[in-house]
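User: I am new to reading protein models. Can you take me through some features step by step?

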Amino acid sequence: RGDTTPISLTRSEVKSSLTAEQIMDKPSLNAGNFLSLADTFPGLQENPTSGQNNPTASSGSSINFNNTGTRGATFQINGVNNDDSSENQNRQGVALSTIQEFQILKNGYSSEFGRGDGAVVLVQTKSGTNSLKGDAYLYRQDSNWNARSWFAAPGSAKPNRQRTQYGFTAGFPVMQNKLFGFVNADVTKLDGENGYTRDLILPSEISGPWLTRGNDTPENRAFIQSVLDRFPALTPNDPRSERTYAGVVGLNWPDYDYSGRVDWNMRDGQTLTGRYQWTHQLRENGEVIVGETTLQDNTQQNLGMTWTHMFNNVLVGELRYGLGLRSTNVNIADGNDTPIIRFTGSPVSGSIIGNAGNFPINRDQTDQQFVYNLTAQLFDKHSFKAGTDIRRQALDDVADNFSRGFWTFNRLCGGTT
């Protein structure tokens, strides 16, 4: 659990922290989700809105302390910015086995962290040492080990799904007492099937009269035919209605996260630390009705460099540089010209052809950070710290807003069913 003494006698900040040993002792369903560590600390509030920590949604993070909101938090890895400037949430996660210390400042923190009006989330990663050390892990969830859901529709197929997460860390010396390395890999593969329920268009409806309101034109007939062609020739099998089909569709959701850190003791009083992280998520979903699903392909990168140098016994300088890259791509799997079509009044689950109207999203983002801090020890019990934090942000964003058109079909047309 976190600190039992959140108040320091020498500093005004209110904080909670976990060491590497405490982190690994804490049960976790996801070895790559460092934000779940915040559940340990007092003051955390559950977010009433779902969808946080989503790299493709403007949803904020799940870090919410003392009514400060989900967009008030700021994040750092080894003192380098890990904020997503466009979404105001963390840019990348951190594998739990790479964390040396996890700390949250909840109130009264110094001006160094003044960009956030909520909590400040600090992550310090592990470094290499003079000996070879590391770990490896494997987690697996398999639907074959689970009973059939009590809420599943009678007669529907049980989805076959597996989630496997594995990874390793290794810290090692490159030159004894001089140069050290630390690497990690974390891979999650979620594949198999999801349950699927949709209301279909019946053959009797297709064979019936079309366009009886004086709008029977070749163009309208071609449009209707293009919509009908998206529906498969399946037999409804769900007892909830005569047009409802229940089955399964495939999914492929792999996540990859790799990082490396180098620590160099350049000479007495000077150290250089560099860390690079690459993260990728892919979301592929099968579909029964053509045009319902998206293809998500997202990549995040983070480079942090820190040079610490002592001018003398009482004066220390610290230079940091951070580079964050984010590429977010959400496209309609059947093509970004797929129309958005809804059927209202459907008895169980109407189709969602075209998915959401704000897709496609194609976003390329670059965040740069330049920091310099100077700390001086004054007399025996006092210190003075001054610094600057300069950030440059560039966002190239293309987000749709129903440019593909939006059609809604009701079960009633001019009073005729």
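Analyst: Start with pairing. Two strands pair if DSSP finds at least two bridges between them. Keep in mind that this is a predicted model.

User: Which residue in strand 13 is the bridge partner of Thr279?

Analyst: General idea: strands of a sheet pair through backbone hydrogen bonds, either parallel or antiparallel. Here, Gln300 in strand 13 is the bridge partner of Thr279. Strand 12 (residues 270–285) and strand 13 (residues 294–312) run antiparallel, joined by 15 bridges.

User: In what order do the nine strands of the open sheet run?

Analyst: The order is 8-9-10-11-12-13-14-17-18, with antiparallel pairing. Strand 8 (133–142) and strand 18 are the edges; each pairs on one side only. On average, neighbouring strands of this sheet are turned by 10° against each other, direction ignored.

User: Now the loops. Is Ser241 buried or exposed?

Analyst: Use the cut-off: buried means under 20% relative accessible area, exposed over 50%. Ser241 has 15%, so the residue counts as buried. Ser241 lies in the loop between helix 3 (218–228) and strand 11 (244–267). The side chains of Ser241 and Thr244 are joined by a polar contact of 2.4 Å.

User: And Phe379: buried or exposed?

Analyst: Apply the cut-off again. Phe379 has a relative accessible area of 73%, so Phe379 is exposed. Find Phe379 in the loop between strand 17 (361–378) and strand 18 (382–399).

User: Which residues form a nonpolar patch on the surface with Phe379?

Analyst: Leu378 and Phe384 do. Together, the three residues have about 360 Å² of accessible area.

Definitions and conventions: Residues are numbered from 1 along each chain as its sequence is written. This is a predicted model: local features need pLDDT of at least 70, side-chain atom pairs count only at pLDDT 80 or more; totals for chains, interfaces and linings use all residues. Side-chain values use heavy atoms; hydrogens and water are left out. Patches are made of residues with over 30% relative accessible area and no salt bridge: like charges are joined within 9 Å, nonpolar side chains (Val, Leu, Ile, Met, Phe, Trp, Tyr) within 5 Å. Accessible areas come from the Shrake-Rupley method with a 1.4 Å probe; for residues, only the protein chains shown count as cover. A salt bridge is a side-chain nitrogen of Lys or Arg within 4 Å of a carboxyl oxygen of Asp or Glu. Helices (H or I, at least four residues) and strands (E, at least two) are DSSP runs, numbered from the N terminus. Buried means under 20% relative accessible area, exposed over 50%, partly exposed in between (1.4 Å probe, protein chains only). Axes are lines fitted to C-alpha atoms, for helices over the stretch in contact, and angles run from 0 to 180 degrees between N-to-C directions. A polar contact is a pair of N or O atoms within 3.5 Å; within protein, one must be able to donate a hydrogen and the other to accept it, and residues adjacent in sequence count only if both atoms are side-chain atoms.
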